[in-house]
Every structure is written in C-alpha cells, then in structure tokens.
Amino acid sequence: MSATPVTSYSAADTGQPAQGRRAGFGRDMLAEWTKIRSVRSTLWTLIIAVVVIIGFTALISWVVVANWNGPHAAARDARAISDPTSIIYGVAIYLGQLAIAVLGVLVVTTEYSTGVIRASLLAVPRRYTMLAAKVLVFTLLMLVLAEIMAFGSFFVGGAILHSHVSVSLSDHDVLRATFGAGLYLVAFGLFALAIGVLIRHTAGAISIAVGVAFVLPILAGLLPDTSFFNHLNAYLPVQAGSQVYLVRPEGAPLLSSWQGLGVLCIYVVVLLGIGAYLFDRRDA
Amino acid sequence: MIEARDLTKSFGGKVAVDHLSFVVQPGRVTGFLGPNGAGKSTTMRLILGLDHPDSGNATIDGQRYADLVNPLRTVGALLEAKSVHTGRSARNHLLFLAQTQGLPASRVDAMLDLVGLRDVANRRAGSFSLGMSQRLGVAAALLGDPRILLLDEPVNGLDPEGVLWIRNLMKHLASQGKTVMVSSHLMNEMAVTADHLIVIGRGRLLANASTEEVIARQSSQTVRVRTPDADRLTALIAAEGGRVVPTANGNGDGNGSGDHAPVLTVSGMRAARVGEIAASAQIVLHELTPQLGTLEDAFLELTAGSLEFGHLGTELPGESASPGPATAGSATQPTTGSAR
C-alpha cells in the first residue's frame, strides 16, 4: 500500500449538503438496511433458509402423499385430512423460527462482537432512535421473507397434497393461519432480537431463544394438568403465539388466534422496552 | 473545542477517570498522554458519549455529543478498539456511516481514495492488515469533514510510513484550524507531533501545557561540558554545589571532531555559571551545551507514582507496554524527541 499524498480533506468539492438539517429517521433506516444487506453471512443465510424450508415442505408433503394409506390407516393421514395445514406449516415454523431467531440475535450481537456498535453509536448517538431504526428495518425485511416462506410453503405443500386432500386459502381460517404463520415468525424474530439487545452475546442469546422456542414447550408439557398450569402454559410466548397459525388447535385453547399473537407481541414489546432502556444506559 | 468538566468514571469501584477537567483548543495538535491504564481511552469514550460519566460532563463546542446533529460532520473519531464489522466491506462500512449523516456515496469514494483503500474497497474488512484497518478508521473519522478530531493511539502498529502519514495528517488538519486531540503513550511521537500536551495518570490531570513547557519544566536539566582540564573543573563546580558525572568520551563524538577531551555532565548548575567558573579559572572549554531533557524524561517524572501497573521490574515479561526504565537512559543524548 503506497502512501497517499496529503491533498484535500475537505468535503467542499463533493457536493456535501449544508450542515444543520436534522438527521432524519429515514436515513437511519437506510443505514440499518445497508448494514443488514452488506453482511453476506446473515442475510444470505436467511434467504437460503427460505428456499430450503419451502423445499422441505415439498419433501414432507410428498412423503405423506407417497405413503398414503387412506383415512382409516395411519394417524398421520388422518391428521392430513382433518388439518392439512399442520403438515404444510410444520417445517416452516420449526425451521423458520430457528433461522429468523438466529438472524434476529445476530443483527444485534455482531455489532458488539465486532465492535461496530461504537461506529454505529458515533454516527447515531441517539440510541433509542438507532434501535428503533434497526427494529423497524428488521421487521419489514422479516415480514417479506417470512410471508414468502409461509405462502410459498402453503402453495407448494398444498399442490403436492392436492391429489388426496384439497386445501385452499378460501377455506375457513386458512388464510389467517398462513398469514399468521408469517406474522408469528416475525414476532419470534423480534423476540430473539430483544434477547440479543439484553444479552449482547451471540451464543448466550441464541441459547435462550432456542430454549424458549424448543425446550420450554417440552418442559411445559410435563406440568400437571391443572387450571393454573394450563394457563401458565397457554401464556408462554411460543405456545401463545402458535395459536395464530393453527387452523384446528387441540382441545379448547384458552387464547384465540389473535389473542395468542397479541400475548407474544406483549412479550416482545416488554423485552424490547427493557432492552432499549438498558441499551441507552449501558456503556457501549 | 472540546471541554471536559470534572469528568469522573469508575468501573466496578475502580476509578478510571478522576475529576478530570481540561479544554482542547482548535488550531493545534493536542497530545493526550498517560501511561497505559491512565484513563485516556475512557476519557475519549466519555467525550464521545459511548460511556456515561458518573459525574461531570464533556461538551463539544458547548454541546453534549449525543445532542449533536449529524455528529460525524462535527466530530471525527478514531478509536483504539476495532469498530468495523469483519464481514462487511470497507466501502459498505463507510457507506452506512455516510447514510446516517446524509452524505453522498461519492464522499465514501473520495475518502477511500484519500486513505489509499480504493483497490480493496470491496474486500471484507476482516481481511485487512492492521495498517489497512487503521486507514479505514481514518477514512471513517474524516468522512464528515469534521472540525474536531479525536484519535486514540492512531499510530499503534503502523509502519514508519504510516506513522509519518498520520503525523502529517494531524498537523495539516490542525493548520486548517481544526481541533485535534490525539492520545498516545509514545513520547517521542508526541514530542514531534503535538503542540500542546495534556498529561494524565491514574485518571487525574498531571499537566496541561505546551509541549516545550512540559519538557522545560522538568527538574533534571543538565549541562554537557567538554574540557581537557576535567579534574580542576570538576573540583571547582563541586565547590559551588554542582554535581559532576564523567561521561563516556564519544571518541570523536561521531561528528568527526576527533576531540578526545573528557566529557562531563553537570547537574544542579546552569550552563552560564559553568562558563563563568571556567573563565575565571582560565580553563579551556571545547564544548558547553545545556541539555534539554526529552519529553520521555518529563513524562516519566510527571507520572512517577501514577503508573497503573507499577514500574517494570527486570524480571517482568515484556507484555506491559508501560514506558519502562529501558527507555529512560537517553537523557543526555539530544535525541529526536527533544523539542527545542
């Protein structure tokens, strides 16, 4: 690398607009978008995840169809007939929430692990604003990807199952469940992002998010079948949120579809609120 | 102008910055000196709003950093710790910073040209060498054409060419009337770069004066005398209370004079008085030179007792970069570090 002669450090010749215009929120969002899209490891992982998940949905649907034994045979076929969407969304939810949660954690924690958080905060020292821009950009991007995942899974899976079971968006609750599957994934991604803001370390935050998504439901299943524990179970983040993508929930759910998503969103808002408060107070 | 008022910050009960107050003026390079762990980086982070002070405050042209509109257009900072995502290209790193300030992408390219990173602009910053990373940091600091610059240990790990580049850059920016505050623990580097010095130790202010003044203020000024009649002069000086140490005759002293007369180092007496004594006793002097100490000596004197990890013993592993005694022996040599 050769030394560059000291010539001009001035911005006078680059058409820099005059100082003093209030830094706009749109600029902060644009910068956050640049941050997300410019790190290949994160964004491409998720785009590949969308493709892989739709592929897996096709595979599972094909396995069901290929081993079809009719309504009186396997319990799986019975389930496919009574609620084909449970097969169609199963993969998207299980793998999708993992992929989105990891990205939600990473958009925050990699700022800390690489130290870029310092550059970010020097550029946007209003920390609530910076976090809000990050959350909003993440939400919009995830909404697009998660709905592609949900509707992609629906159309691919539905088409493959069509020879034995027909399922359509115009069926009762199916449109809500499909759209809801995407919303659930976005909400869970935000839940993971909030954990990332609180914990600031990738491994710890991902462990917690995975624990909430996959371990907590198992533990909750071991609880005694009393009214108290049933309520506790129903209000856990993932169980509550799952109501929004179920067409035929088991038993009599304590929360309706939208109430369930609402409960998950309350978790997200509370955690983000605490996270934002700490983010503003902590040394970076 | 940067102003710190009674800044105090401790981490887990350990005081890092202790009621520190100073003003950094525009138009000159202000060196921010202190041993490792003295609180230099913490002070800069407090000024930049990255850390929150326990008490006191720091302002930039009268405003808190967090209240600045488009802060990068007012303040450029190069932090010692890495602040670039290793998976992001140099261009995208500068681009997102530019976007927050409403700066055009052309400004990013101009900065990449300036620091000589144009050819590697699309490479992952994680693949950069230390020197390239430092250049990217400088590009980020200058991105908004700020009038105030804070540079934390900017020459750390740079090759001599890079050091010279940074030094000229800082002087150039100060000559344009900008405020330049640069921290370092490298005394010789500061002696040739800084016009003004703020010296801290254990988080407290030890000195705030021009570089010349800091050097001149130290007590250990000596006079170098070369005379063929060393014994007689030694006795006369000693009689007046001066201290004389025979110094190795440089055997020609490297300047080709071929002078084999003994050399004495006199302390506790001014050069003028040494000359008068010699004249009244009709002693021939070949050389009579007041020795300005180096900034390093002044620094060691100032920070004596305030070293974070104590003075280095000879058995200690060399991992601590505190200015150790090994560098202190250069007092009698007019090194490049002595600002005259």
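**View 1. His19(B) sits in strand β2 of chain B.** Helices and strands here are DSSP runs, numbered from the N terminus, with H or I over at least four residues for helices and E over at least two for strands. His19(B) has a positive phi of about 45 degrees, although it is not a glycine. Is His19(B) buried, partly exposed or exposed? His19(B) is partly exposed, because 15 other C-beta atoms lie within 10 Å. The cut-offs are 20 or more other C-beta atoms within 10 Å for buried, 12 or fewer for exposed, and in between for partly exposed, with C-beta atoms placed from the backbone. This is a predicted model, in which local features need pLDDT of at least 70, side-chain atom pairs count only at pLDDT 80 or more, and totals for chains, interfaces and linings use all residues. Residues are numbered from 1 along each chain as its sequence is written, while chains are lettered from A and ligands numbered from 1 in the order in which they are written.

**View 2. An open sheet of 3 strands in chain B runs in the order β2-β1-β4.** Its pairing is antiparallel; two strands pair if DSSP finds at least two bridges between them. The edge strands, β2 (14–24) and β4 (55–60) of chain B, each pair on one side only. Neighbouring strands of this sheet are turned by 20 degrees against each other on average, direction ignored. Helix α1 (residues 40–47) of chain B packs on the sheet and touches β1, β2 and β4 of chain B. The direction of this helix makes about 120 degrees with that of β1(B). Axes are lines fitted to C-alpha atoms, for helices over the stretch in contact, and angles run from 0 to 180 degrees between N-to-C directions.

**View 3. Strand β1 (residues 2–11) of chain B pairs with β4(B).** The two strands share 5 bridges in the antiparallel sense. Look for Arg5(B), which stands opposite Asn57(B) in β4(B). Asp6(B) also belongs to strand β1 of chain B, and its phi is near 55 degrees, a positive value in a residue other than glycine. Asp6(B) counts as partly exposed because it has 14 C-beta neighbours inside 10 Å.

**View 4. Leu143(B) is among the residues with the most contacts inside the largest nonpolar core.** A nonpolar core is a set of buried Ala, Val, Leu, Ile, Met, Phe, Trp, Tyr and Cys residues joined through C-beta atoms within 7 Å. This one has 160 residues, and helix α7 (residues 174–199) of chain A gives the largest share, 16 residues. Not counting residues up to four places away in sequence, Leu143(B) touches several residues, including Leu72(B), Leu94(B) and Met111(B). Contact requires C-beta atoms, placed from the backbone, to lie within 7 Å.

**View 5. Chain B meets chain A.** Here 51 residues of chain B are in contact with 41 residues of chain A. On the chain B side, α2 (90–100), α3 (105–114), α4 (130–142) and α5 (160–175) each supply at least two residues. The model scores ipTM 0.88 and pTM 0.82.

**View 6. Residues 313–340 of chain B have pLDDT under 50.** pLDDT is the predictor's confidence in each residue, from 0 to 100. Where pLDDT is low, the predicted coordinates should not be read in detail. Chain B averages a pLDDT of 85, and 86% of the residues score at least 70.

Definitions and conventions: Two residues are in contact if their C-beta atoms, placed from the backbone, lie within 7 Å.
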